[in-house]
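Please look at the structure below before reading on.

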Amino acid sequence: MIKQRLDKEKNVPYEYDKVVFENGNGAEIIHYDNADEMINHSITGKSKKYLDMGDDEWTFGTEFPRLESTTKALRNGECSNKTLKQISKYRDILLNMDGIEESMRKAVSFKRRRKFSDSGSELDIDRVLSGDPEHWQSMTKGKKENVVRLAVNFSVTSGHTEKQLNQLGALTTVAVDMLQRCGLSVEVLALCVAHNVTRTFEHKDKPRKAIHYEQGFTFKLKSASEKLDVSRVACIGIPGLYRSYGFTNWINFLDGVPSSGLGRGMETTKNVKDLLKIKNLIEVKWVKNGKEKAFLSNLLKSVTEGQLLETN
């Protein structure tokens with residue numbers, strides 16, 4: 001629960017959340033409409049430290065090895081060949097999961113609802129016995145669109161590899177594909193959020209008493225109305241998105257002096273998930289130790305149990 005909002009007093013050209021929660025922790029998150037808007041804003045920052053990294057492999061990886069190629073890939077929605085190969089592997093995992101066909105069938109049927117009337121395709125016995133004249137039932141598509149909001153946090157600790165970032169992009173893409181095959185509309189929100197990115201949680205240039213706080217930015221990777229563009233969704237796994245543009249955004253636009261190491265890559269808290277209206281979140285932990293199968297299974301289960309947003 002939010003105890004206090006601090007964002008209304010800051011005049012910025014983008015949507016912005018800065019809050020203190022009831023438990024004393026805080027959050028400061030910038031919201032962009034898309035990756036282009038985030039890139040355009042990042043390059044206006046005073047510090048160019050993480051943009052001027054030459055061909056540093058840790059920053060940019062091997063397939064888009066400089067800022068120029070990284071920027072072009074992000075703007076055009078291109079992912080690496082390594083990521084495409086990983087997508088193929090994850091699709092094989094998905095199709096070989098036990099009970100996957102039955103689970104997807106349930107998800108499709110969940111989209112539909114019963115309609116009762118005095119004529120239809122199937123009798124409802126309970127209504128017949130109770131004397132209800134509207135005892136015929138049929139299955140129809142609801143008037144509302146079923147939307148799943150899927151979020152992916154591409155902020156990771158320094159020891160994570162290019163391969164793991166590629167895997168994160170691949171798993172996100174396969175998860176979207178799985179949900180759309182179930183007949184659902186999927187919105188994908190990209191997060192670049194970490195803990196204690198700045199040294200203090202400041203307000204009006206003065207520290208506030210918040211020991212733990214999450215900071216960063218979001219942008220919409222895919223709207224619910226868009227079809228799946230595999231490369232555009234998977235490009236979230238490009239190392240330079242995080243280690244060049246992510247860092248640049250943090251050090252220029254978050255309140256306070258950047259901390260040593262730019263914070264900690266811990267799991268996103270429930271408070272921040274609730275703030276961002278997130279129920280299903282992909283983090284790098286799901287591409288370690290063979291957990292991809294568990295994530296896809298749990299995500300599909302959550303859909304069949306009705307964890308959906310409904311919009312007109």
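## A surface pair

Arg-232 forms a salt bridge with Asp-229, and their closest N and O atoms are 4.0 Å apart. A salt bridge here is a side-chain nitrogen of Lys or Arg within 4 Å of a carboxyl oxygen of Asp or Glu. Arg-232 is partly exposed, with a relative accessible area of 30%, and Asp-229 is also partly exposed, at 37%. Buried means under 20% relative accessible area, exposed over 50%, and partly exposed in between (1.4 Å probe, protein chains only).

Salt bridges with shared partners join Arg-5, Asp-7 and Asp-17 into one network.

## Basis of the model

This is a predicted model, in which local features need pLDDT of at least 70 and side-chain atom pairs count only at pLDDT 80 or more, while totals for chains, interfaces and linings use all residues. Residues are numbered from 1 along each chain as its sequence is written, and side-chain values use heavy atoms, leaving out hydrogens and water.

## Pairs across the chain

The whole structure holds eleven salt bridges. One of them pairs Lys-18 with Asp-255, with the closest N and O atoms 2.9 Å apart. Lys-18 lies in strand E2 and Asp-255 in the loop between helix H9 and helix H10, 237 residues apart. Helices (H or I, at least four residues) and strands (E, at least two) are DSSP runs, numbered from the N terminus. Lys-18 is buried, with a relative accessible area of 1%.

Glu-187 forms a salt bridge with Arg-149, again with closest N and O atoms 2.9 Å apart. Glu-187 is in strand E8 and Arg-149 in strand E7, so the pair ties together parts 38 residues apart in sequence.
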